[in-house]
Amino acid sequence: MDIFALLDLSVLDSTVRLATPLLLACLAGLFSERAGIFDIGLEGKMLAAAFFSAAIAATSGNVWYGLLAGIASSLALAGLHGLASITFRGNQLISGVAINFLAAGMTVLIAQNMFRQGGRTPSLIGEGRFEGIPLPFAEALRDVPVIGPVYYEVISGHSILVYLAFALVPLTWWVLYRTRFGLRLRAVGENPAAVDTAGVSVIGLRFAAVAICGVLCGIAGAYLATGLQAGFVKDMTAGRGFIALAALIFAKWRPWHALSATLLFGYLQAIALRPDIIESALGFKVQVQLLDALPYILTVVILAGFVGKAIPPKAGGEPYVKER
Amino acid sequence: EPALIFDLGGKFDKSFNEAAFNGAQRWAEETGETFREIELQSEAQREQALRRFAEVGANPIVMAGFAFADALGQVAADYPDTKFVIIDMVVDAPNVRSVVFNEHEGSYLVGMMAAQASKSGTVGFIGGMDIPLIRKFACGYAQGVMAANPDAKVIANMTGTTPAAWNDPVKGSELTKAQISQGADVVYAAAGGTGVGVLQTAADENILSIGVDSNQNHLHPGKVLTSMMKRVDNAVFAAFTDGVDMETGFNVMGLANGGVGYALDDNNASLVNADMQSAVDTASAKIASGELAVHDYMSDDSCPVLNF
Amino acid sequence: MDKMPKWADVVLIPLISLLLAAIISALVILGIGEDPVEAVKLMVDGALGSTYGWGYTLYYATNFLFTGLAVSVAFHARMFNIGGEGQAMLGGLGAALVCLFIPWPHWSLALIAAATGAAIFGAAWAAIPAYLQAKRGSHIVITTIMFNFIAAAVLNYFLVNLLRPAGSMDPATARFPEAVHLPKLHDILAPLGIEFSNRAPANISFLLAIAACIFVWLLIWRTKLGFEIRSFGKSEQGALYAGISPVKITMIAMLISGALAGMMATNNVMGEAERLVLNSTEGAGFIGIAVALMGRSHPFGVFLAAILFGFLYQGGAELALWTKIPRELIVVIQALVILFTGALDNMVRMPLEKIFVALRKGKA
Amino acid sequence: MTVAPAIELKGISKAFGPVQANKDISISVAPGTIHGIIGENGAGKSTLMSILYGFYKADKGEIWINGKNTVIPDSQAAIAAGIGMVFQHFKLVENFTVLENIILGAEDGGLLKPSLSKARRILKELAAEYELNVDPDARIDEIGVGMQQRVEILKALYRQADILILDEPTGVLTPAEADQLFRILHRLREEGKTIILITHKLREIMDTTDTVSVMRRGQMTATVKTAETNPAHLAELMVGRKVLLQVDKVPAKPGAPVLEIENLSVHDEDGVERVKGINLQVRAGEILGIAGVAGNGQSELLEVLGGMRGGTGSIRMKGEELPLHGPGSHGQARRRAHIAHVPEDRQSEGLIMDFHAWENVAFGYHRDPAYQSGLLMNNAALRADTEAKMAKFDVRPPDPWLAAKNFSGGNQQKIVVAREIERNPELLLIGQPTRGVDIGAIEFIHKQIVELRDQGKAILLVSVELEEILSLSDRVAVMFDGHIMGERLPHETDEKELGLLMAGVAGEAT
Ligand SMILES: Nc1ncnc2c1ncn2[C@@H]1O[C@H](COP(=O)(O)OP(=O)(O)OP(=O)(O)O)[C@@H](O)[C@H]1O
Ligand SMILES: Nc1ncnc2c1ncn2[C@@H]1O[C@H](COP(=O)(O)OP(=O)(O)OP(=O)(O)O)[C@@H](O)[C@H]1O
Ligand SMILES: [Mg+2]
Ligand SMILES: [Mg+2]
């Protein structure tokens, strides 16, 4: 048995990569849900962004255009969600479900129409993808005990979007708890009538929150297709939007907790890819199906054992209706 | 008019279904004729598609995938005048041609090449969904590796246990990185769309990869060591060409009759040296002649050199 | 004191919404360079134009009925059961075990036993998330999502390692014995002199699903238990006041929900495939969410929504058979139907309400 | 030349779908005065004021502020016009601090820090000026309703309102808090601010206002100078008939003890002890009133007795021990023991707002065999039962199919009271029976309670309205900080003595 094997640097490295799309989507959901708009359409928005970022990056050869296109497509779906759940006070869950289906179908339809490669984009090459950037001194520090390898292997060498995602955690916290916008945003998720009677537009705030959610989902999707991968494959989000949602609840709708939750989920996913490490840590071989289910089982165990009741924003999921 | 039915993976999976499609396409181009096709969406459509095509007079009807066996078993007798061709599975009926491939033989060859190309002595295998068929690939591969280098280590991972495992390139990519960190410097992907991620990451990380089913060497020229060719395209082409008068029965496509093999073209010529090629060709000849037997995982659900 | 007459609410609004969804779908079809009129003709003809088409439409609808009802019952207790998929998978396992390992003299007994087995397995799979929600406050949405993944792994283990007949490639069980094969609608309707295609998989489970609709309707709106479930769903504090135990209701509602999802296995596993395959549920658990939401969690609404989705599935299959339209088109149409009839409902409703109130004022 | 009115509403109409909440209403309020508005539940008072505050948009009509025609499309415009409003249901964000609630919507600049420190300073000044002390860093859900109301008033003052609307402000206050509120209002009037006060309490109208308007069924029926009218006249104007303003009852004839409470303690969710080992008895044929400032354990006492929470000690019903353990719910057992319970909060406990009236009439008693036929519920019988109860209690509209949320507050309360009293219970637990209820309905509900007592039933009444406690109870116990501070007979005590007990001063603790 060698419990420390679980801290294998390549696993941690993989954790960072796998946690990043979850983190971005989780923060996206955080903005939306803190404003009272539940969003199970994170998955769909990510998927759309993954496709459009890859498609535009492939056609233009410039990944930044791809990123913009990804964000724009995700924003469009966010706008649809806003229209349905804010303007027309529709059911937010239904709208989210519809958006997931819409993205799953439209991405493949358009991809097929554009590239005729069976719903995928051509592989991205060169300027068409986000490359890892080695951080300063990574090479030089490499031999410093403990910190060196961690810095070199785990922290350095990710794509710019990874660093952006991690920077967004303190930024989100700051916006939420230190700015006027954040105060109003949290208020509108708790009691929109309080915001309304204080002379602030509930609709405006909620649309702003939904738009931020769209932008962040867009980045998440673009990261999947142009950072982690080099192109779009249908359904490539593979349920990450739902995992992000789980992380959001796990994090009790708080930014720092969101970071911890997504890192944990990322880690569980990463460690499940390493049966060898699990075997050496536990001392026995784990059945492959059990291994596959491990992240999910552990999530449930942690949830049941260590996390108390998660109380969502009070006005969440309910449209703001003044007149019955 | 012949018909082709793709399995749930969809016709552009860059491997199995796509190979079938290519075979049909080649036939269409050469003969100038047309064929019907459908991509399945649900299990219930298997039987439905078979019947509908049979009813409109499509003949022969080719289906790509072992999962059709059950449905075909139900349907075949109802349409005695229609010829059916099933790939990857055996259905015993007078009007059915069953085409199965000896994937373990092809995998054996690419396993040998992997062991020879590997500098670290560690090679990887990444499967899609954990099903017996994929274990068959893995087991043949491992045997080939061991044959070329008895000290070599084979790391085998499956992507998952649901059909999503065929379409998760991100996970394929992470698995590749995980195998690299364990020392692997050649990885063989038998994982459908997930393999796209495997080949991509292998290329990015400057190790070699091995493609599957179709010739995938061109995806990353100079980075893909070879591809284990499963000539589904040939099987489909042959079925379409033979047409309504085809011979039915059991059809094994192995090394002996060119049903499986490894791909060698301009894209990987620089990676395959003469030694390697001659060793592989020798083994290939021996297998073809029956002198060398590669263990088939599916024959007894176990693998002598690999533990699942 | 309603703003509009009931018929407008129940008939007119959904119709207009569907029309809008159809228009946008037509635009999408045009966008990919195909002929929408032809496509609609194919779909309607293929799904509703023959008893054969109906047989498939109803087959799919049966699946969605079970999962839709499952989601609805949980909704009434204000729980979002995303775990229908996993519960249905386990239900399949239950049904398969019953069918494979017990020699049944007649299908009717087998159906009762398999339905029970499926329900028990489905309920058991819902029980853990329910317990965690009730006792530990673990959010049911997360735990049921997790249990979907875990169910897939469990099923995979059973099929690959335990139930697969020797020498078979397929991660699937052996075929069920002849005795447990369920009668198709063809067999049921023939004695009544109704000619129904024997090629389509719709079977007696459809009647079981309708019975489940009636059961759920009675349960929710006509029994004490249903009263308590609805009360709890509307107000937890109120339920406490009325002496309704939150733990008990959470458990019971989820068990019923899981059992209904599990019972889908009588249709897809026992009725259609007659063996258990790995992806037998094919996302029906998720479609169930859409069906429940569209059906407003009312069994009759669920029934209509399930038929609509059955139609889309079968119509889509026909499209895929006879045209080169990618199968994802159907997913898009589904999305649009959900969007317009569900989420954008008020887009149609608000102006209509204004019109009706104005009309009434005009008359008064 | 006279001064322009501070507020002038001209021909305001507002319909909610088919409901005409306001019909062509015009009023005018002079600056520097307190103007009262009274009316039955659902008369349209809150709607009218919400229009003035820009919360709702009127269908028709004009608003003139200080002689200027002002369009008020939203609350922002109202605030800009110098209007502030304290709603019946507070508009506060519960998990925000007082300070955060104050600045919400009135921040200066994009960052919170400067706004917060400025607000902290101004809050201090306002507190000193108007005796409006609140802890700026307390979270709203941690402070009492009285405090919350101060926050609402401070919110308006912070926004420099000249016109202050208060919608039923005293419904949730103790007498002392109410007195203080009126002192503040008078102070504000002295400073030239204009105040509109909606209330159901005629005494408040008579004591506080300069002019008063009466609303009925969406229309303004009269506006009079307060000095020129009297309570009986006002009551008649609003209800349309003569109203008895005093509870009419004969002396009680108490019998054997029905409810015996011994050494009862209750802890809340956070483990805080809210009821601290109290002993009480309620006898047949008497009304025991429990007075106390909200939050001193009365609510928890009622909830324990009603089976909504657990406790320690012992409670006996006619000698029979009742279960007390666990956070679970003994509500059904209590009902079987013939204990009926009108909860303090009708909206979140006593009723399911989305349920039809007839379902609410079964709520809690849905297991009653009389409501079943076989395995199913006998909904037809239930609806018939509902119609009878609605008729008897004059619930308006008498429509069993209407959802609870569509009834006005008074009528909602009548449904709850009808449900519980008509069970003919041995013991009635009743909390805040007339909170937010118009005088017509108050009269009716009080009469029902007394009638039940006269049938020899035991009644435990919890109310923060001293007047109500004094006029209904046969015996009064005062609760403070989880203890019973003392028991008094109503004719031997007065509001002053009870007020002192409620504040924890004097009296012998039992
Ligand atoms: N994981 C963490 N690491 C560092 N600081 C943290 C972490 N979690 C919370 N904090 C600190 O706790 C404080 C509160 O932040 P948090 O996100 O928990 O929201 P909150 O204010 O507690 O809750 P609410 O959203 O209900 O208002 C912040 O000052 C933040 O810096
Ligand atoms: N938001 C709303 N949507 C629909 N109808 C409403 C709404 N608010 C009030 N109503 C209806 O309008 C009428 C007037 O209600 P309002 O709240 O103004 O009465 P009120 O005089 O304040 O009563 P109370 O004394 O109970 O507070 C009632 O019939 C009420 O049901
Ligand atoms: Mg906090
Ligand atoms: Mg009011």
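Reader: Before anything else, what does buried mean here?
Author: Buried means under 20% relative accessible area. By that cut-off, buried residues make up 58% of the 510 residues in chain D. Keep in mind that this is a predicted model.

Reader: Fine. What holds the magnesium ion, ligand 4?
Author: Its protein donors are OG of D:Ser46 and OE1 of D:Gln88, lying 1.9 to 2.4 Å from the ion. D:Ser46 belongs to helix α1 (residues 45-52) of chain D, while D:Gln88 sits in the loop between β6 (83-86) and α3 (98-103), so the pair ties together parts that are 42 residues apart in sequence.

Reader: Switching to the whole chain. How many helices and strands in chain D?
Author: Chain D has 17 helices and 22 strands.

Reader: What about its radius of gyration?
Author: Chain D has 24 Å, which agrees with the value near 24 Å for a compact globule of 510 residues. Along the principal axes, its C-alpha atoms fill a box of roughly 75 × 50 × 45 Å.

Reader: Which share of the contacts joins residues at least 24 apart?
Author: In chain D it is 66%, counted among contacts between residues at least 6 apart in sequence.

Reader: Last topic, surface and charge. What are the figures for chain D?
Author: The accessible surface is about 20000 Å², and 51% of it belongs to carbon and sulfur atoms. Chain D carries 56 positive and 70 negative charges, whose mean positions are 3 Å apart.

Key:
Residues numbered from 1 in each chain as written. Chains lettered and ligands numbered in written order. Predicted model: local features only at pLDDT ≥ 70, side-chain atom pairs only at ≥ 80, totals over all residues. Heavy atoms only, no water. Donors = N, O, S within 2.8 Å, 3.2 Å for Na, K, Ca; no water. Helix = DSSP H or I, 4+ residues; strand = E, 2+ residues; numbered from the N terminus. Rg over C-alpha atoms; globule rule 2.2 N^0.38 Å. Buried < 20%, exposed > 50% of the residue type's maximum accessible area, 1.4 Å probe, protein only. Contact = heavy atoms within 4.5 Å. Areas by Shrake-Rupley, 256 points an atom, 1.4 Å probe, with all protein chains shown as cover. Lys, Arg positive; Asp, Glu negative; His and termini not counted. Charge placed at Lys NZ, Arg CZ, Asp CG, Glu CD.
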